[in-house]
2 protein chains.
Amino acid sequence: MELSVSDVGERRLIEYIWETLEKDPNELLGAGLDDAVAKELAEGFVLVAHTDMWVEHTGLLPGMSWRLVGRKAVVANISDLAAKGAKPLGLLFSVGLPPEFPLESLRELVEGLSEGASEYGTHVLGGDLGESREVILAGSIFGVAHRERLMPRSGAQPGDLVAVTGLLGLTAVGFKILLEEYEAPGSVKAKAVESVYRPVARLKEGLALAGCGAVTASMDISDGLAVSLNQMAEASGVSITLEKLPIAEEARFFAERHRLDLEELTLYEGGEEYELLVAVRPGMWSEAVKAVKNVGGSLYKIGVVCEGSGVYKADGSKVEAKGWEHLRRTVG
Amino acid sequence: MELSVSDVGERRLIEYIWETLEKDPNELLGAGLDDAVAKELAEGFVLVAHTDMWVEHTGLLPGMSWRLVGRKAVVANISDLAAKGAKPLGLLFSVGLPPEFPLESLRELVEGLSEGASEYGTHVLGGDLGESREVILAGSIFGVAHRERLMPRSGAQPGDLVAVTGLLGLTAVGFKILLEEYEAPGSVKAKAVESVYRPVARLKEGLALAGCGAVTASMDISDGLAVSLNQMAEASGVSITLEKLPIAEEARFFAERHRLDLEELTLYEGGEEYELLVAVRPGMWSEAVKAVKNVGGSLYKIGVVCEGSGVYKADGSKVEAKGWEHLRRTVG
């Protein structure tokens, strides 16, 4: 039987691709296994680049306008640069459109791209346009960083504190409401839906954290918290033990009302959540907190880095690297 | 009646998009209206970036393997950097795959990406992977150039000589054979099909031309010769008068055999032809020829830049900006 890509799933496919693709020995972030790639431009000065694709049939949430889609496609790209501590220079978008796509919707989409870029002090510099069977937004972003300030996924050390830049759980609730028709009171619904319609990338926080020198590892949690924790632990060759997760009040209320396990919801059912997950040198925790506060952000400790491998809850149970995954056939 | 994007067509849509998108005042190449974008990194040192998308249902030619598709997607991106005189630092690919896409085909595709990058001394550094209804390859490339050596589309001056880096006409013949079932003898067919299956980007030539300082304007002709000539003339605010086009022997033979107008075929029915189109200062023509010869290439004069607007054949007839265009409904 011939294997297809859905027999394998996105994360294993990426490993498969890297078994075939020739690696650049001068790439600074582990050639495709980090959130972004980096190349030295001049002594101590690096270019950081990333690409992130949005596809209509998996990415378009009920009720989401084209303007919001455009803005969110920018945010997804900004977030990965933020996680590396790189300042964006600009974005490019390859846009695929079906012939029948309304011109008015294209205008909204482009307004969203412009709005997103403007929010982060950058621009969409150019792109490509072609015909496709569904709307495709393939963004790429590039920016610059100081080499010694670049934050990889792979630098977490035993003893480091693990932290996130915001309250968790809202996107998981948003997906439950939008995709599984869960009910919620107006204010809870508004907050949860807003978190998936208008996410915020932590660019200021990422730059501040890179600048303070306290961070040993960093990535965003857009692939889901449980997956991201496992990826950081694996890339760094360490284990992570969680303590208490900082969860948004609305998510807590929603989980109680629907008798859902709040921690499970937050770990496994989120995604497209653009908080940064960082490991911080224990002796520099207060510097990290101060740096983030200075730019109007927050830093919440969620656990500690230990020797070993894997991710564990406070009670010792294992946090599996599971969550929503592209190209992964559900085995029933 | 609501207008759709196919009522407008790719080239007009790009103008429409730029009416909405906020332009970066610090972009050096005309913000999206050139082949690539450029930003200054340090005094005199610029980053050049470009994105180029390949979509299965419009891009997959009969008989083309996934390995050739991957390689060609790289070539398309390299070519635009070559046209600006920028040295590639690396590529990123956002890849969309249908769930049923064979794993073996993915391996071939990735081998093609690797092969293409390796041919031009660069690497695919990373990417993104997602599920889509057809295969999508959205490449982006970035590289570096000296600011004063950057070759825009828009610098052609009256008196400049217009030239291309290779013999023309083969891709037009290749499309006739592959898409319209025209017949041709084995050797003609082989050469024409090779030109669309395994195109070559003129990176060495582009870098040599940028280095010699003789070029005032440059672009590739991947959108078709007639379209590209008109774009250069318009961007530069000049007219171009053609003399004799350098046409491959096989294209000449094919046109005679099928009683096709050879010049029309070359001007209007090509595309995905990765020769560079350049305007050269008349007093530096021999330097330009020498620079290209030194890297093993050729430079063929095809016309001259004049005052005015538009593109004309030697007999004074107008060369229209027509050719194959994405998202353009055929009006019958």
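1. Helices (H or I, at least four residues) and strands (E, at least two) are taken as DSSP runs and numbered from the N terminus. This is a predicted model, in which local features need pLDDT of at least 70, side-chain atom pairs count only at pLDDT 80 or more, and totals for chains, interfaces and linings use all residues. Residues are numbered from 1 along each chain as its sequence is written, chains are lettered from A and ligands numbered from 1 in the order in which they are written, and side-chain values use heavy atoms, with hydrogens and water left out.

2. Helix H9 (residues 249–257) of chain A has A:Glu250, A:Ala251, A:Phe254 and A:Ala255 as buried residues; buried means under 20% relative accessible area, exposed over 50%, and partly exposed in between (1.4 Å probe, protein chains only). These four lie on the same side of H9(A), because they cover an arc of only 130 degrees around the axis, the arc being that of the directions from the helix axis to the C-beta atoms. The face turned away from the buried side carries the exposed residues A:Glu249 and A:Glu256. Among the elements covering the buried residues of H9(A) are helix H5 (170–180), helix H6 (186–197) and helix H10 (262–268) of chain A, where contact means heavy atoms within 4.5 Å.

3. After H9(A) comes A:Arg259, with a positive phi near 50 degrees. A:Arg259 is found in the loop between H9 and H10 of chain A and counts as exposed, at 79% relative accessibility. For reference, most residues other than glycine have a negative phi.

4. B:Glu181 is a residue other than glycine with a positive phi, near 55 degrees. Its place is in the loop between helix H5 (170–180) and helix H6 (186–197) of chain B. B:Glu181 is exposed, with a relative accessible area of 68%.

5. How many cavities of 30 Å³ or more does a search of the whole structure find? There are two. A cavity is a set of points, on a 1 Å grid over the protein atoms alone, where a 1.4 Å probe fits but cannot get out, and lining residues have an atom within 4 Å of a point. Grid points are joined across faces, edges and corners, and a volume is the space filled by probe spheres set on the points.

6. The largest cavity has a volume of about 40 Å³. Its lining includes A:Phe142 and B:Phe142, and the elements giving two or more residues to this lining are strand S5 (136–146) of chain A and strand S5 (136–146) of chain B. The second largest cavity, of about 30 Å³, is lined by A:Glu22, B:Ser114, B:Ala117, B:Ser118, B:Thr122, B:His123 and B:Val124. Helix H4 (residues 103–119) of chain B gives the most to that lining, with three residues.

7. In chain B, strand S1 (residues 37–42) and strand S2 (residues 45–55) run antiparallel and are joined by five bridges; strands pair if DSSP finds at least two bridges between them. B:Ala38 stands opposite B:Val48 in S2(B). The hairpin of S1(B) and S2(B) has two residues between the strands, and B:Gly44 takes a positive phi near 80 degrees there.

8. B:Tyr268 lies in helix H10 (residues 262–268) of chain B and is buried, with a relative accessible area of 12%. B:Tyr268 and B:Lys322 are 54 residues apart in sequence and 6.3 Å apart in space, C-alpha to C-alpha.

Key. 1 Å grid on protein atoms, 1.4 Å probe; cavity = no way out; pocket = protein on both sides within 12 Å on 5 of 7 lines; lining within 4 Å.
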